[in-house]
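Let's walk through this model together, one question at a time. Have the sequence and the coordinates at hand as you read.

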Amino acid sequence: PPYCFQSWCYVDAKSCKKNSAEDIYKSNYFSHFSPEYDVFYSYSTCNTTDYFWKQQLESLATNASVVGGISITATVPRDDDETLNKKWPDGTILTPRETEDNYFDDTIPFGGIYIDYMNSIVKLSKGDIRNVTYTHTSKGSLNRYKSGSRFTAAVRDVQNGLVDMAVGDFWITGERLK
C-alpha cells in the first residue's frame with residue numbers, strides 16, 4: 001500500500017497535540033507486550049502526510065477484501081534473541097545451541113516480536129489473510145551467503161519463489177535489491 005512508503009516518527013503526544021495540524025496516532029502494537037506503553041506516531045513530523053494511511057483506514061472500515069483470503073508462507077532468518085526465535089511447546093525460547101540443532105525442524109514453532117506482529121496483522125485482516133506458515137530459510141540460500149547475512153539468504157528465498165515473504169528486521173542493501 002502507498003502508506004508503506006510514507007515516513008513516520010514516534011512523537012511526544014503532548015507536544016504534537018498542540019503543534020501538529022495532522023492527526024497523531026497511538027500505537028496499539030506495544031500495548032500487546034505491556035499495557036503501560038503509550039507510544040504515539042505522526043506522519044507530519046517527518047514531513048509527509050497521513051493521507052494514504054487515512055485511505056487505508058477507510059478501506060479497512062468497509063471490511064473489503066484486499067488480498068482475498070490468501071495463505072502466506074514466510075521464511076524466518078535464524079536469530080537467537082527476543083525479536084526472532086524458536087520456542088518449545090511450553091513457550092521457552094530455545095538456547096542458541098538448541099536453535100542451531102533445531103532450526104530446520106518446522107514442527108518447533110518460531111516466535112518473537114516479529115512473529116507476534118505478523119500474527120496480529122492476520123487477526124486484524126479478519127480472514128483476508130487466512131494464515132501465515134513460518135518456515136526456515138533454505139540450506140541452499142544459507143550456503144550461498146554463509147560468509148554474509150542470514151537475512152540476505154532469506155531475501156534470496158523470496159526472490160527464488162520458495163516463500164512469499166521473509167519476516168524480521170530487514171533493511172535495504174544493494175545486494176538485496178539485485
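Contact here means heavy atoms within 4.5 Å. This is a predicted model, in which local features need pLDDT of at least 70 and side-chain atom pairs count only at pLDDT 80 or more, while totals for chains, interfaces and linings use all residues. Residues are numbered from 1 along each chain as its sequence is written, and side-chain values use heavy atoms, with hydrogens and water left out.

Q: Which residues does Thr83 touch, not counting those up to four places away in sequence?
A: Start with its place: Thr83 belongs to the loop between strand E4 (70-75) and strand E5 (85-86); helices (H or I, at least four residues) and strands (E, at least two) are DSSP runs numbered from the N terminus. With residues up to four places away set aside, Thr83 touches Gly111, Gly112, Ile113 and Tyr114.

Q: Is Thr83 buried or exposed?
A: The scale is relative accessible area: buried is under 20%, exposed over 50%, and partly exposed in between (1.4 Å probe, protein chains only). Thr83 has 16% relative accessibility, so the label is buried.

Q: How far apart in space are Thr83 and Ile24?
A: Along the sequence, 59 residues separate Thr83 and Ile24. From C-alpha to C-alpha, their distance in space is 26 Å.

Q: In what order do the three strands of the open sheet come?
A: Two strands pair if DSSP finds at least two bridges between them. The pairing in this sheet is parallel, and the order is E7-E4-E8. Strand E7 (129-135) and E8 each pair on one side only, which makes them the edge strands. E4 pairs with E7 over six bridges, and the order to remember is E7-E4-E8.

Q: What is the bridge partner of Thr75 in E7, and what angle does helix H4 make with E7?
A: Thr75 has Thr135 as its bridge partner in E7. Helix H4 (residues 113-124) packs on the sheet and touches E7 and E8. Axes are lines fitted to C-alpha atoms (for helices, over the stretch in contact), with angles from 0 to 180 degrees between N-to-C directions. On that basis, the direction of H4 and that of E7 make about 160°.

Q: Why is the pair of Tyr103 and Phe110 called what it is?
A: Rings of Phe, Tyr and Trp (its six-membered ring) pair if their centres lie within 6.5 Å, with planes under 30 degrees apart stacked, over 60 edge-to-face and the rest tilted. The count by this rule is three aromatic pairs. For Tyr103 and Phe110 the ring centres are 6.0 Å apart and the planes stand at 80°, so the pair is edge-to-face.

Q: Where do the two partners of the Phe151 and Phe170 pair sit?
A: Their ring centres are 5.2 Å apart and their planes are at 80°, so this pair is edge-to-face too. Phe151 is buried at 13%, whereas Phe170 is partly exposed at 28%. The two are 19 residues apart, with Phe151 in helix H6 (residues 150-159) and Phe170 in the loop between strand E8 (165-166) and helix H7 (174-177).

Q: Which charged end sits over the ring of Phe110?
A: Phe110 forms one aromatic cluster with Tyr103 and Phe104. A charge sits over a ring if NZ of Lys or CZ of Arg is within 6 Å of the ring centre and within 35 degrees of the ring normal. Lys139 lies over the face of Phe104, 4.8 Å from the ring centre. Over the ring of Phe110, at 4.5 Å from its centre, the charged end is that of Lys86.

Q: With which side chain does that of Ser141 make a polar contact?
A: Ser141 is in helix H5 (residues 139-144), and its 3% relative accessibility makes it buried. A polar contact is a pair of N or O atoms within 3.5 Å; within protein, one must be able to donate a hydrogen and the other to accept it, and residues adjacent in sequence count only if both atoms are side-chain atoms. At 2.6 Å, the partner side chain is that of Asp157.

Q: Which backbone nitrogen does a side-chain oxygen of Ser149 reach at the start of H6?
A: Ser149 lies in the loop between H5 and H6 and is partly exposed at 24%. Its side chain also makes a polar contact with the side chain of Arg176 (3.1 Å). At the start of H6, the oxygen comes to within 2.9 Å of the backbone nitrogen of Phe151.

Q: Against which elements do the buried residues of H6 pack?
A: Those residues are Phe151, Thr152, Ala153, Ala154, Arg156 and Asp157. They pack against E4, H5, E8 and H7.
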